[in-house]
Amino acid sequence: MVSTVSTPIKKKITVTAEQAAIASRLVTFRVKYAKLTQEELREEAGITTKTLSFYENGWARPGSKLVTLLTKKYGLSSDWLFTGRGEPQKRDKAKPDSIANMQVRIAMLERQVGDLQKTLNAILEKLS
């Protein structure tokens, strides 16, 4: 089955049954297994709201940045995501205090510190 939808950018995109299934599995994993909101996942993965929307609506195939995060931190089975075969979550999923999880958290915090520095610099410039 193929359906054509208009996106928020007013461009028609064809979504195949396979793309729709991947999108559905992505949303299921985010909500049921990772227990994340769209905003939380977007921030952790360092992607835009628009990008995540495209992934979750089947308008684009999930990128490696997002898939790597979900695989390493939350135990996503990429085989399940892309084919529907097997279980959604690997049995040996990463522990919350694993090095991979700490590295993801550190990267996210570094991004937040950088954003805060930019904001503070902008405020200081206005006060000068």
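**Exercise 1. Describe the largest nonpolar core of this predicted model.**

Solution. Start with the membership: the core holds 20 residues, and those with the most contacts inside it are Phe29, Leu41, Leu66, Leu70 and Leu81. Two or more residues each come from helix 1 (17-33), helix 2 (38-45), helix 3 (49-56), helix 4 (64-74) and helix 5 (78-83). Helix 4 supplies the largest share, 5 residues. Finally, take Leu41 and leave out residues up to four places away in sequence: Leu41 then touches Arg30, Leu36, Leu52, Leu66, Leu69 and Leu70.

**Exercise 2. Find which residues of helix 3 are buried and what they pack against.**

Solution. Apply the cut-off for buried, under 20% relative accessible area. Last, look just past the end of helix 3, where Gly58 has a positive phi of about 80°.

**Exercise 3. Characterise the largest pocket and its lining.**

Solution. Begin with the volume, which is about 190 Å³. The lining has 12 residues, and Glu44, Lys65, Thr68, Leu69 and Val104 are the closest to the pocket centre. By element, helix 2, helix 4 and helix 6 (99-127) each give two or more residues to the lining. Helix 6 gives the most, 6 residues. By residue class, the lining divides into 6 nonpolar, 2 polar and 4 charged residues.

Definitions and conventions: Residues numbered from 1 in each chain as written. Predicted model: local features only at pLDDT ≥ 70, side-chain atom pairs only at ≥ 80, totals over all residues. Heavy atoms only, no water. Core = buried A, V, L, I, M, F, W, Y, C linked by side-chain atoms within 4.5 Å. Buried < 20%, exposed > 50% of the residue type's maximum accessible area, 1.4 Å probe, protein only. Helix = DSSP H or I, 4+ residues; strand = E, 2+ residues; numbered from the N terminus. Contact = heavy atoms within 4.5 Å. 1 Å grid on protein atoms, 1.4 Å probe; cavity = no way out; pocket = protein on both sides within 12 Å on 5 of 7 lines; lining within 4 Å. Points joined across faces, edges and corners; volume = space filled by probe spheres on them. Nonpolar A, V, L, I, M, F, W, Y, C, P; charged D, E, K, R; others polar.
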